[in-house]
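Reader: I am new to this structure and would like to learn how to read it. Could you take me through a few features, with the general idea before each case?

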Amino acid sequence: MSEPRYAIYALPEPGSALEAFGRAVLGYDSASGEAVPQEPGLAEVTAGARVYGFHATLKAPMRLAAGVDEAALLAMAERLAAAHPPVEVGPLAVAALGRFLALVPVAPPPALGLFAAECVAAFEPLRAPLTEAERTKRRPERLSPRARALLDAWGYPHVFEEFRFHMTLTDALPEEAQADWHARLTEAFRDSGAGPLTIRSLGILRQDGQAPFRLLARIPFEGG
């Protein structure tokens, strides 16, 4: 049996309009592990994203290092959250990131990148080194030299200056379908009534085998 993987996510507040929107788009509730009804056509363009649930990545999926257990991971998250104030992200908008569509901040505040960097560094001692298969999956040949260096040092290329906060909404789309899905999701997001995002907790998620990620714990920030 393969080792579980864990990820540290920024999640919408429970019961919020943003949470409902993301679950409806991806067709999956990572808190309950249950499927959520989707609009026609969405299932076909969200299959990959559905595995990860609606989120923004703070520490990419990782296996735990030798001698590190789940309790140690949760303890680290609690230490980080205990001293951390909420992080204002602000209004979001649907945007294209290459061939994918995602929600991104309209005006990302500097504190957001600093928070993401803090998470990357804090959880790094708990991460097992990438296997060759895991590294290959990241397609290092398509990365810039700097991104390859970040991949090798931190297990993920989109960290620090390469970080961009985003909440994925689709898989890679054919070029001819991007404009239509952009318009449809923009309208759906507007109609959802979701307001500006504030990160108030760390989401700790676990993946067993090839199953979708499930919420293990949501740890509220306690800093003023």
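Author: Let us begin with aromatic rings: Tyr9, Tyr52 and Phe213 form one aromatic cluster, where rings of Phe, Tyr and Trp (its six-membered ring) pair if their centres lie within 6.5 Å. This is a predicted model, in which local features need pLDDT of at least 70, side-chain atom pairs count only at pLDDT 80 or more, and totals for chains, interfaces and linings use all residues. Residues are numbered from 1 along each chain as its sequence is written, and side-chain values use heavy atoms, with hydrogens and water left out.

Reader: How many aromatic pairs does the structure hold, and what describes a pair?

Author: A pair of aromatic rings is described by the distance of the centres and the angle of the planes. Planes under 30 degrees apart count as stacked, over 60 as edge-to-face and the rest as tilted. The structure holds five aromatic pairs, among them Tyr9 and Phe213, a tilted pair with 6.3 Å centre to centre and 45° between the planes. Tyr9 lies in strand β1 (residues 5–10) and Phe213 in the loop between β10 (201–207) and β11 (214–220), so the pair ties together parts that are 204 residues apart in sequence.

Reader: Are Tyr9 and Phe213 buried or exposed?

Author: Buried means under 20% relative accessible area, exposed over 50%, and partly exposed in between (1.4 Å probe, protein chains only). Both Tyr9 and Phe213 are buried.

Reader: In which order do the three strands of the open sheet stand?

Author: Strands (E, at least two residues) and helices (H or I, at least four) are DSSP runs, numbered from the N terminus, and two strands pair if DSSP finds at least two bridges between them. Here the order is β6-β7-β8, with antiparallel pairing. Because β6 (92–97) and β8 (167–168) stand at the edges, each with a single partner strand, one side of each is left without a neighbour in the sheet. Strand β7 (residues 100–105) is joined to β8 by two bridges, and Leu103 has Met167 as its bridge partner in β8.

Reader: Which residues does Thr168 touch?

Author: Contact means heavy atoms within 4.5 Å. Thr168, found in strand β8, touches Leu26, Ala49, Phe54, His55, Leu101 and Ala102, leaving aside residues up to four places away in sequence. The C-alpha atoms of Thr168 and Phe100 are separated by 7.5 Å, although these residues are 68 residues apart along the chain.
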